[in-house]
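Welcome! Have the sequence and the 3D view ready, and let us walk through this structure one stop at a time.

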Amino acid sequence: MKTAEFFNKFRSRYLWGNLAAIAITVVALAFGAKIAIDIYTHHGESIPVPNIIHKTFDDAQDELDDLGLKMVVTDTGYVKRLPAGAILEQSPAAGERVKSGHIIYVTINSASSPTISLPDVIDNSSLREAMAKLTAMGFKLGQPKFIPGEKDWVYGIQCNGHSVVAGDKVPVDVPLVILVGNGMRSESDSVDYIDPVSNDESTPLESGGDVDEFEEVTAPPVEEHTSSSRSEEEKTETSKPQQKKEKSDNAKQQ
């Protein structure tokens with residue numbers, strides 16, 4: 001292809017018409033995309049979030065629907081003076097400006113008080129340890145009740161006047177009463193002390209008691225023993241000449 005023919009192609013209306021059509025298409029696509037994005041994102045819209053705290057669930061839902069906002073429940077709580085389903089918290093907060101279709105996250109009031117399992121603090125901890133553990137878990141505590149026992153030792157827990165044990169489900173809004181020792185011994189734990197009884201010769205031993213099986217033997221007086229020994233020796237001395245005389249007589253006869 002010659003150079004003149006190449007430059008002549010740029011003078012073609014067909015080429016420039018195609019280029020113009022491409023440019024118009026690109027501009028139209030960009031403008032249309034911008035409009036679509038603005039519509040999708042609600043560009044320029046600004047809706048103030050209403051205050052729906054303490055309102056019932058149905059009333060809050062109707063109010064948000066009228067403004068083009070949505071509501072989603074994320075958590076529950078419990079306030080005794082409010083009806084079940086009342087709004088306790090909201091996010092975003094009242095007064096913030098959002099776009100249409102924005103989600104308002106809320107916490108509603110539960111129909112009953114939440115319950116928590118009682119931890120193992122009975123007969124396992126002191127008063128201070130039990131109070132610290134129970135309050136950290138969210139329990140409410142009343143005045144401790146002191147009973148006879150080891151000082152400051154936890155012997156039990158009462159809820160609404162009834163004894164509870166570890167693992168029981170206890171409402172968090174009901175005060176717990178801790179039964180704690182006052183350092184005094186109860187009457188049932190008293191010990192009866194009995195004085196020992198001395199057994200003498202005049203007092204017989206009780207039946208069923210321990211009896212000494214050995215018999216006491218009294219040795220004879222030393223003087224009596226000596227005198228009897230002497231008498232036996234004298235008898236032996238007097239009998240000796242008589243025995244000799246009898247032997248000599250027998251020899252003569254033979």
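**A guided walk through the model**

With a relative accessibility of 12%, T107 counts as buried, because buried means under 20% relative accessible area. Please keep in mind that you are looking at a predicted model. T107 belongs to strand β5, which covers residues 103-109. Which residues surround T107, leaving aside its neighbours within four places in sequence? T107 is in contact with T74, D75, T76 and G77, and also with A86, I87, L88 and E89.

In general, the strands of a sheet pair through backbone hydrogen bonds, and they do so either parallel or antiparallel.

Strand β8 (residues 154-159) and strand β11 (residues 176-181) run antiparallel and are joined by 5 bridges. To find one place where they meet, pick out V154: its bridge partner in β11 is V180.

Now for the surface. Where does I22 sit? I22 has its place in helix α2, which spans residues 13-41. Is I22 buried or exposed? I22 counts as exposed, because its relative accessibility is 53% and the cut-off for exposed is over 50%. I22 is also one of the residues in a nonpolar surface patch, together with L15, W16, L19 and V26. Together, these residues of the patch have about 490 Å² of accessible area.

Our last stop is about charge. Side chains of opposite charge can pair when their charged atoms come close. How many salt bridges are counted in this model? The count comes to 1 salt bridge. The side chains of E63 and K55 meet in a salt bridge, at 2.7 Å from N to O. E63 counts as partly exposed because its relative accessibility is 25%, and K55, at 30%, counts as partly exposed as well.

Definitions and conventions. Residues numbered from 1 in each chain as written. Predicted model: local features only at pLDDT ≥ 70, side-chain atom pairs only at ≥ 80, totals over all residues. Heavy atoms only, no water. Patch = residues over 30% accessible without salt bridge, like charges linked within 9 Å, V, L, I, M, F, W, Y side chains within 5 Å. Areas by Shrake-Rupley, 256 points an atom, 1.4 Å probe, with all protein chains shown as cover. Salt bridge = Lys/Arg side-chain N within 4 Å of Asp/Glu carboxyl O. Helix = DSSP H or I, 4+ residues; strand = E, 2+ residues; numbered from the N terminus. Buried < 20%, exposed > 50% of the residue type's maximum accessible area, 1.4 Å probe, protein only. Pairing = 2+ DSSP bridges. Contact = heavy atoms within 4.5 Å.
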